[in-house]
Amino acid sequence: MYTVITVPAFNDNYIWLIRHDNHCLVVDPGEAAPVLERLKTLGLELDAILLTHHHHDHVGGVGELLGHFPHASLYGPRHDPMPAHHGQWLEDGDRINWHGLGLDVIHVPGHTLGHIAYHGNGMLFCGDTLFSAGCGRLFEGTPAQMHDSLQRLAALPDDTLLYCAHEYTLSNLRFAHAVEPDNLAIQQRIGMISKLRQQGLPSLPSRLGDERHFNVFLRCEQNSVRFSAEKYALKCLENPEDTFAVLRGWKDVF
């Protein structure tokens, strides 16, 4: 009933179109041109624009898209600075309904303070909070905020499909292998994703239940991850939140 279409943008961004018949939503349109091209090719009408956070590579195409589709609705986080257009600004617990599709809003601060994700119908559009095998940098939030946000997303059902906004999977897996060199799931995932990328195919979507086996940022309670973080930090770590903070700092310089 709903189809998700991948629209590559810039060097490594993904813009997502959710299609229903000849209507669609667009998630995080950092630039308009590839979206407009895909809409024209498929004969789609743009009904709404969904934003997860305020960074330019996620919002840069909003003005041009609204110029072509002036009746499209604009949604985004209430607590991030949004583009200067009339929109509906959302908070944790809000819900969007579109052609029978319900998308629940989850506030996930960390990458930015107001960052939100959209979850519904087995799909998670999480911007730059959770990546396949990784997570976003902490530009505005604290490690505690990001760890809590990731825990909220990790609590979603195993069969949830993860649609994040960047093709970072292979580099994230290389870091994960440095953290857990004996993790067979990481080794197998590197082989699988390498083949996809060699063919020019996206690594996404990823199944959330699988992520729990190779995404070290979702595995901070595992002894193998904590021991590796302690070895890197040269200190004992008392809880998963401290482990996460060390991992995120390590990944920043990896």
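In which loop does Asp-21 lie?

1. Asp-21 lies in the loop between β2 (13-20) and β3 (23-27). Helices (H or I, at least four residues) and strands (E, at least two) are DSSP runs, numbered from the N terminus. The model is predicted, so local features need pLDDT of at least 70 and side-chain atom pairs count only at pLDDT 80 or more, while totals for chains, interfaces and linings use all residues. Residues are numbered from 1 along each chain as its sequence is written, and side-chain values use heavy atoms, with hydrogens and water left out.

2. Positive phi. Most residues other than glycine have a negative phi, and most peptide bonds are trans. Asp-21 is not a glycine, yet its phi is positive, about 55 degrees. Asp-21 counts as exposed because its relative accessibility is 55% (buried means under 20% relative accessible area, exposed over 50%, partly exposed in between, with a 1.4 Å probe and protein chains only). Asn-121 also has a positive phi of about 55 degrees without being a glycine. The loop that holds Asn-121 runs between β9 (116-120) and β10 (123-127). With a relative accessibility of 54%, Asn-121 is therefore exposed. A positive phi, near 60 degrees, is found at Leu-234, which follows α8.

3. Cis peptide. The bond between Leu-204 and Pro-205 is cis, with omega at about 5 degrees. Pro-205 sits in the loop between α6 (184-198) and β14 (206-207).

4. His-23. This residue is in strand β3, and it is partly exposed because its relative accessible area is 24%. Its side chain makes a polar contact of 3.1 Å with that of Asp-47 and one of 3.4 Å with that of Asn-22. A polar contact is a pair of N or O atoms within 3.5 Å; within protein, one must be able to donate a hydrogen and the other to accept it, and residues adjacent in sequence count only if both atoms are side-chain atoms. Neighbours within four places in sequence aside, His-23 is in contact (heavy atoms within 4.5 Å) with Ile-18, Leu-44, Glu-45, Asp-47, Trp-98 and His-99.

5. His-55. The loop between β4 (45-50) and α2 (56-59) contains His-55. Its relative accessible area is 18%, so His-55 is buried. The side chains of His-55 and His-53 are joined by a polar contact of 3.4 Å. Beyond four places in sequence, the contacts of His-55 are His-111, Thr-112, Phe-139 and Glu-140.

6. Nonpolar cores. A nonpolar core is a set of buried Ala, Val, Leu, Ile, Met, Phe, Trp, Tyr and Cys residues joined through side-chain atoms within 4.5 Å. The largest has 57 residues, of which Ile-18, Leu-50, Tyr-118, Leu-153 and Leu-247 touch the most other members. α5 gives the most to this core, with 5 residues. A second, separate core has 23 residues, including Val-7, Ala-9, Val-35 and Met-82.

7. Buried residues of α5 are Thr-169, Leu-170, Asn-172, Leu-173, Phe-175, Ala-176 and Val-179. Their cover includes β11 (130-131), β12, α6, α7, α8 and α9. In α8 (residues 223-233), Val-225, Ser-228, Ala-229 and Glu-230 are buried, and the elements covering them include α5 and α9.

8. Largest pocket. Its volume is about 280 Å³. Among its 19 lining residues, Phe-131, Cys-135, Arg-137, Tyr-168 and Arg-248 are the closest to the centre. On a 1 Å grid over the protein atoms alone, a pocket is an open set of points where a 1.4 Å probe fits, with protein on both sides within 12 Å along at least five of seven lines; lining residues have an atom within 4 Å of a point. Grid points are joined across faces, edges and corners, and a volume is the space filled by probe spheres set on the points. β12 (134-135), α5 (169-179) and α9 (240-252) each supply at least two lining residues, and α9 gives the most, with 3. The lining has 6 nonpolar, 7 polar and 6 charged residues (Ala, Val, Leu, Ile, Met, Phe, Trp, Tyr, Cys and Pro count as nonpolar, Asp, Glu, Lys and Arg as charged, and the others, Gly among them, as polar).
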